[in-house]
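Please read them with the coordinates open.

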Amino acid sequence: MTIKDNGGSQSPVVTLTKKDFVSDQEVRWCPGCGDYAILAQVQKVLPNLGIPKEKFVFVSGIGCSSRFPYYMNTYGFHGIHGRAPAIATGIKISNPDLSVWVVTGDGDGLSIGGNHLIHAMRRNVDIKIILFNNRIYGLTKGQYSPTSEFGKKTKSSPFGVVDSPINPICIALAAEATFVARSVDRHTDHLAYIIERAARHRGVAFVEVFQNCNIFNDGAFEHFADRTVKDDRMVNLEHGKPLVFGKNHEKGIRLRGTQLEVVTLGGGITEDDLLIWDETLPDSALAYMIARMDYPAFPVPVGVFRDVAKPTYDELVNQQIEFAVQKMGRGNLEQLLKSGDTWVVE
Ligand SMILES: Cc1ncc(C[n+]2csc(CCOP(=O)(O)OP(=O)(O)O)c2C)c(N)n1
Ligand code: SF4
């Protein structure tokens, strides 16, 4: 951290670095876990935001990923399973000037906490949610999660999973989250870009990160995200640009009627025929269709699916409180609880 005198009229300008966000706690994730890469990118991005360190708070639930707040040299709250969005909502409403982050896993956020996650998103609470999706329960040693593939054999599904997986991006879009994005733990530059975009969004920002659990689900994303194949098997959504992919930028995504299709450029097909990505569309139907694209029929999409503006829950709640205080004066909770129909049980 460096502190510069800015002429005396205002408080000094504080320049933070990645190191300022590294805590003194020993990191307890397994060597090689994708969580390290996500932690490193968050610590790298936060100093860019111009927000004082004491204004950040990281809230988590339970799981390997939920150990995250220990490793951040910021305020933090290792909460209860699946409830981080509720805790974060309370923090943001009562301290609107804080930058509030939720770190959750696919088990924490989509099994036990699915309900809480959906409501934080539909309310547009100004919090940033990073969902570490390793498609397995890591902390409890390898049971299947809501994002595990159909047929997957795990310790809790020895004959294969018989339920269909949740697509977290589709859930976020259906809940009308105002910022929805996806990245991959090892694509570090892309991940840093997405985290910074999420951080700068006003309103709820939901980011799914494909995260390798090298102990209980190693290589879950390798078949499309490995550096040797990703150009042909993934597509990066870039606002205002056509959906092009392939090692030589030779393939694209076209909208034909109500269906998406993969086309090869050339032979009469040009970039003008391709879908031009627009992350600001008020209707998320197209983003939903793109989110459903999956390998091998389609490239797996990453990037920003949606970025729209809407009043936030915390600002609306605080406006109502201000309005009520102006109209009726400051309340008294004790008196309120004892008012109206109350009984003494003896
Ligand atoms: C109320 C409650 N139910 C179940 C558990 C057991 N439990 C701990 S972590 C976890 C799931 C973790 O999976 P995920 O959120 O994907 O995180 P990961 O460990 O993979 O990062 C479960 C079921 C618990 N701790 N508390
Ligand atoms: S069990 Fe998996 S998710 Fe948990 S720390 Fe180890 S590698 Fe990471």
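1. A polar contact is a pair of N or O atoms within 3.5 Å; within protein, one atom must be able to donate a hydrogen and the other to accept it, and residues adjacent in sequence count only if both atoms are side-chain atoms. An oxygen atom of ligand 1 lies 2.9 Å from a polar backbone atom of G107, and such an oxygen is also found 2.6 Å from a polar backbone atom of D108 and 2.9 Å from one of L139. Of the 600 Å² of accessible area that ligand 1 has on its own, the protein covers 72% (Shrake-Rupley method, 1.4 Å probe).

2. This is a predicted model, in which local features need pLDDT of at least 70 and side-chain atom pairs count only at pLDDT 80 or more, while totals for chains, interfaces and linings use all residues. Residues are numbered from 1 along each chain as its sequence is written, chains are lettered from A and ligands numbered from 1 in the order in which they are written, and side-chain values use heavy atoms, with hydrogens and water left out.

3. Around ligand 1 there are 16 residues (a heavy atom within 4 Å), of which C64, S65, D108, G138 and L139 come nearest. Helix 4, residues 106-112, supplies the largest share of this shell, 4 residues (helices are DSSP runs of H or I, at least four residues, and strands of E, at least two, numbered from the N terminus).

4. R254 belongs to strand 11, residues 251-256, and its side chain makes a polar contact of 2.6 Å with that of E261. R254 is buried, at a relative accessible area of 17% (buried means under 20%, with a 1.4 Å probe and protein chains only).

Methods: Buried means under 20% relative accessible area, exposed over 50%, partly exposed in between (1.4 Å probe, protein chains only).
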